[in-house]
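Please keep the sequence and the model in view.

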Amino acid sequence: MNQTLSPERIRADVAELLDCDPSEIEPEENLIDLGLDSVRIMTLIERWRAAGAATVEFPDLAERPELAHWTALLTGGAA
């Protein structure tokens, strides 16, 4: 989708909002179960839109709240 969002950046951004180490997040783990809520998802959307993911929308992330899905969606690659 864009060149500025790397899998590492996506993982780090999510970990920052979950207040954990990026390595603690498994690619297929449900991020909502880890404590990510709708306000934090919107924060990530705004951050990632500013980084070039202009078309990302809340349902894109909320329907499948797994790091692997988000990484593939935002980078066109794998987690």
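## H1 against H2

H1 and H2 cross in a right-handed manner. A crossing is right-handed if the near helix is turned clockwise from the far one by less than a right angle, and left-handed if anticlockwise. The two axes come within 10 Å and cross at roughly 145°. Axes here are lines fitted to C-alpha atoms, for helices over the stretch in contact, and angles run from 0 to 180 degrees between N-to-C directions. Helices are DSSP runs of H or I with at least four residues, numbered from the N terminus.

From H1, the contact uses Arg9, Ile10, Asp13, Val14, Glu16 and Leu17. From H2, Arg40, Thr43, Leu44, Arg47 and Trp48 meet them. Contact means heavy atoms within 4.5 Å. By class, this contact has five nonpolar, one polar and five charged residues. Ala, Val, Leu, Ile, Met, Phe, Trp, Tyr, Cys and Pro count as nonpolar; Asp, Glu, Lys and Arg count as charged; the others, Gly among them, count as polar.

## Basis of the model

This is a predicted model, in which local features need pLDDT of at least 70 and side-chain atom pairs count only at pLDDT 80 or more, while totals for chains, interfaces and linings use all residues. Residues are numbered from 1 along each chain as its sequence is written, and side-chain values use heavy atoms, with hydrogens and water left out.

## H1 against H4

H1 spans residues 7-18 and H4 spans residues 67-75. They pack at an angle of about 130°, with axes 10 Å apart. The two helices are therefore oblique to each other. Angles under 35 degrees count as roughly parallel, over 145 as roughly antiparallel, 65 to 115 as roughly perpendicular, and the rest as oblique. H1 passes H4 in a right-handed crossing.

Pro7, Ile10, Arg11 and Val14 make the contact from H1. Leu67, Trp70, Thr71, Leu74 and Thr75 make it from H4. These residues divide into six nonpolar, two polar and one charged.

## The nonpolar core

The largest nonpolar core has 20 residues. Such a core is a set of buried Ala, Val, Leu, Ile, Met, Phe, Trp, Tyr and Cys residues joined through side-chain atoms within 4.5 Å. Val14, Leu36, Trp48 and Trp70 have the most contacts inside it. H1, H2 (38-50) and H4 are the elements that give two or more residues to this core. The largest share, five residues, comes from H1.

What does leucine 36 touch? Its partners are Leu17, Leu18, Leu31, Ile41, Leu44 and Trp70, not counting residues up to four places away in sequence.

Buried means under 20% relative accessible area, exposed over 50%, and partly exposed in between (1.4 Å probe, protein chains only). The buried residues are Leu67, Ala68, His69, Trp70, Thr71, Leu74 and Thr75. They pack against H1, H2 and helix H3 (58-62).

Alanine 68 has 15% relative accessibility and so counts as buried. Its C-alpha atom is separated by 13 Å from that of serine 23, 45 residues apart along the chain. Histidine 69, at 18% relative accessibility, also counts as buried. Histidine 69 touches Asp60 and Arg64, not counting residues up to four places away in sequence. At 28% relative accessibility, leucine 73 counts as partly exposed. Leucine 73 and valine 56 are 17 residues apart in sequence and 8.5 Å apart in space, C-alpha to C-alpha.

## Loops and backbone

Aspartate 19 lies in the loop between H1 and H2. Its phi is near 55°, a positive value in a residue other than glycine. Is aspartate 19 buried or exposed? At 71% relative accessibility, aspartate 19 counts as exposed.

Glutamate 66 sits in the loop between H3 and H4. At 16% relative accessibility, glutamate 66 counts as buried. Glutamate 66 touches Pro27, Glu28, Glu29 and Leu31, not counting residues up to four places away in sequence. Just after H4, glycine 76 takes a positive phi of about 80°.
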